[in-house]
Amino acid sequence: MKKVYILFICTLLSLSVFSQVKSPKKAAIYSAILPGTGQVYTKKYWKVPIIYAGILSSAYYINENNQKYNLYKSAAINSINNNSSTQIVNGNDYSYSELKILKDYYRRNREISYFSFIAVYVLNVVDASVGAHLYHFNVSDDISLNITPFSNFNNQGLNLSLNF
């Protein structure tokens with residue numbers, strides 16, 4: 001059953017990638033379901049590794065900071081429960097105040113990592129939508145502004161012509 005869903009999603013995505021009209025709503029939905037698929041839909045393949053690098057690095061730091069937060073939190077609780085002035089963590093002696101500072105430090109870093117994960121995810125969806133909006137935007141070299149002076153018997157001035 002899982003293979004049928006994967007085949008169905010791949011078929012829909014392949015049909016929509018080759019269409020000429022790109023829907024911003026469809027690109028945003030694709031990226032919301034699976035990050036990077038909106039960029040594939042708008043044929044911006046080079047952005048997919050950047051998105052996954054941001055998501056995976058944020059997830060790594062969430063995990064790393066959460067482990068250290070829990071380690072120092074349990075050490076601080078053990079320090080209080082045992083009425084000891086120091087606690088040994090990873091071969092180092094820490095006082096309760098140092099453990100509390102380390103616990104707060106890793107909690108803060110974990111929260112920042114959550115925010116960065118959410119920011120990368122939201123930027124992925126916004127980028128896919130904007131990419132679909134600008135899919136047919138013409139970026140040719142023929143965009144120019146020509147300024148030439150003109151003069152006739154009664155008038156003098158500048159002639160402005162904009163080519164795009």
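User: Which residues of helix 4 are buried?

Analyst: Quick heads-up: this is a predicted model, where local features need pLDDT of at least 70, side-chain atom pairs count only at pLDDT 80 or more, and totals for chains, interfaces and linings use all residues. Residues are numbered from 1 along each chain as its sequence is written, and side-chain values use heavy atoms, with hydrogens and water left out. Buried means under 20% relative accessible area (1.4 Å probe, protein chains only), and helices (H or I, at least four residues) and strands (E, at least two) are DSSP runs numbered from the N terminus. In helix 4 the buried ones are Val48, Ile51, Gly54, Ile55, Ser58, Ile62, Asn65, Tyr69, Tyr72, Ala75, Ala76 and Ser79.

User: How far apart are the end C-alpha atoms of helix 4?

Analyst: The expected span is 1.5 Å times one less than the number of residues. Helix 4 has 34 residues, so it should span 50 Å, and that agrees with its end C-alpha atoms being apart by 49 Å.

User: Which residue of strand 2 does Val89 stand opposite?

Analyst: Strands 1 and 2 pair in the antiparallel sense over 4 bridges (pairing takes at least two DSSP bridges). Their hairpin has 2 residues between the strands, and there Asn90 takes a positive phi near 55°. Opposite Val89 stands Asn92.

Notes. Buried < 20%, exposed > 50% of the residue type's maximum accessible area, 1.4 Å probe, protein only.
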